[in-house]
Amino acid sequence: MRNFGVQPVVAINAFPTDFDSEHEAIRRIAEEAGARVAIHRGVAEGGKGTVDLANVVAEACDDVSELKFTYDLEDSLETKLEKVATKVYGADGISIAPAAAKQLKRFADLGYGNLPVVIAKTHLSISSDASLKGAPTGWTLPVREVRLAAGAGYVYAICGTMRTMPGLSKSPAAERIGFDENGTMVGLS
């Protein structure tokens, strides 16, 4: 977060069975690392339990003097991907599969080279390898496929072993779900 010019905020997700000493230990460690801290009691208190966190996040936002971006939009798509991989995820670099390299060139040739990039990878690790825990070092982000979201305005790289959600069939189940004249839901079986 500091690389973006923002002071980190640590939200302590508190449960009724927690001990105050646990929260204080987390608070001490986070504050020593330079983060702001708030206890989030939304589980037990609903919206009322989230107010402290919201206030701390708002204060952190108010203190941002200049938001720093990881890359310039004028950078090539490859450079943008490499900067995100190295500066955000801690990779040593990227490895672009030949098919992905062709896709990147095609998108640039079609005029989409100045779009922002997004990286789709496993959620189980900061790396692209779900088995690497913590803050691994010495790894390379494998870019195996690149897709264009022209309407949304970004290019996204599919990295490592992961699946994206499938599209809907010609006749999705939602078309058959509804209510009958008595207000009973139908079409779920």
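## Basis and nonpolar cores

A nonpolar core is a set of buried Ala, Val, Leu, Ile, Met, Phe, Trp, Tyr and Cys residues joined through side-chain atoms within 4.5 Å. Buried means under 20% relative accessible area, exposed over 50%, and partly exposed in between (1.4 Å probe, protein chains only). The model is predicted: local features need pLDDT of at least 70, side-chain atom pairs count only at pLDDT 80 or more, and totals for chains, interfaces and linings use all residues. Residues are numbered from 1 along each chain as its sequence is written, and side-chain values use heavy atoms, with hydrogens and water left out.

The largest nonpolar core has 20 residues, of which V117, I119, L141, V146 and V155 touch the most other members. Two or more residues each come from α4 (77–88), α5 (98–112), β4 (117–120), β5 (140–149) and β6 (154–159); helices (H or I, at least four residues) and strands (E, at least two) are DSSP runs numbered from the N terminus. With four residues, α4 gives the most to this core.

Beyond four places in sequence, V117 is in contact (heavy atoms within 4.5 Å) with Y71, L77, K80, L81, V84 and V155. Another core, of six residues, lies apart from the largest one and includes I12, A30, A35 and V37.

## Helix α1

The expected span of a helix is 1.5 Å times one less than its number of residues. Helix α1 (residues 20–32) has 13 residues and should therefore span 18 Å, which agrees with the 18 Å between its end C-alpha atoms. G34 follows α1 and has a positive phi, near 90°.

## Aromatic pair

Rings of Phe, Tyr and Trp (its six-membered ring) pair if their centres lie within 6.5 Å; planes under 30 degrees apart count as stacked, over 60 as edge-to-face and the rest as tilted. The count by this rule is one aromatic pair. The ring centres of Y154 and Y156 are 5.8 Å apart and the planes are at 55°, so this pair is tilted. Y154 counts as partly exposed because its relative accessibility is 29%.
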